[in-house]
Amino acid sequence: QTLSEKGKTKLMELVFGKGGLGYALGRVHINSCDFSVKSYNFDDVNEDFKLKHFDMNVTHDAQKDGMIDMILHATTVFNQEWRSED
């Protein structure tokens, strides 16, 4: 959450833009992964196989680490850079 809005956009341009790596696909985890700062998940209740306690608001990604914000930046950059020119 320390990057400025301009920094976030620049990072997404470097990853998803035509002048950068040009990635066209991203992956969103529903729990922590190897790149996470710490371990987390969206349902801490043991044996909750029906996911009755699943955090449908994805609170961790939306509020704590800013993943949803970065996904929106990536989507904007991708759509602007790769939009077909009719």
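This is a predicted model: local features need pLDDT of at least 70, side-chain atom pairs count only at pLDDT 80 or more; totals for chains, interfaces and linings use all residues.

**Exercise 1.** Work out how many helices and strands the protein has, and which pattern they follow along the sequence.

*Solution.* Begin by counting: there are 3 helices and 0 strands. Next, read along the sequence, and the pattern comes out as α-α-α.

**Exercise 2.** Find the salt bridge, place its partners in the fold, and decide whether K8 and E5 are buried, partly exposed or exposed.

*Solution.* Step one is the search, which gives 1 salt bridge in the structure. Step two is the distance: the closest N and O atoms of K8 and E5 are 3.6 Å apart, and the cut-off for a salt bridge is 4 Å. Step three is the location: both residues belong to helix α1, which covers residues 5–16. K8 and E5 are 3 residues apart there, about one turn of the helix. Step four is the accessibility. K8 counts as buried because its relative accessibility is 7%, and buried means under 20%. E5 has a relative accessibility of 48%, so E5 counts as partly exposed.

**Exercise 3.** Describe the protein as a whole: what share of its residues is buried, what area does it expose, and what share of contacts comes from residues 24 or more positions apart?

*Solution.* Start with burial: 20% of the 86 residues count as buried. Finally, take the contacts with a separation of 6 or more: residues 24 or more positions apart account for 48% of them.

Definitions and conventions:
Residues are numbered from 1 along each chain as its sequence is written. Side-chain values use heavy atoms; hydrogens and water are left out. A salt bridge is a side-chain nitrogen of Lys or Arg within 4 Å of a carboxyl oxygen of Asp or Glu. Helices (H or I, at least four residues) and strands (E, at least two) are DSSP runs, numbered from the N terminus. Buried means under 20% relative accessible area, exposed over 50%, partly exposed in between (1.4 Å probe, protein chains only). Contact means heavy atoms within 4.5 Å.
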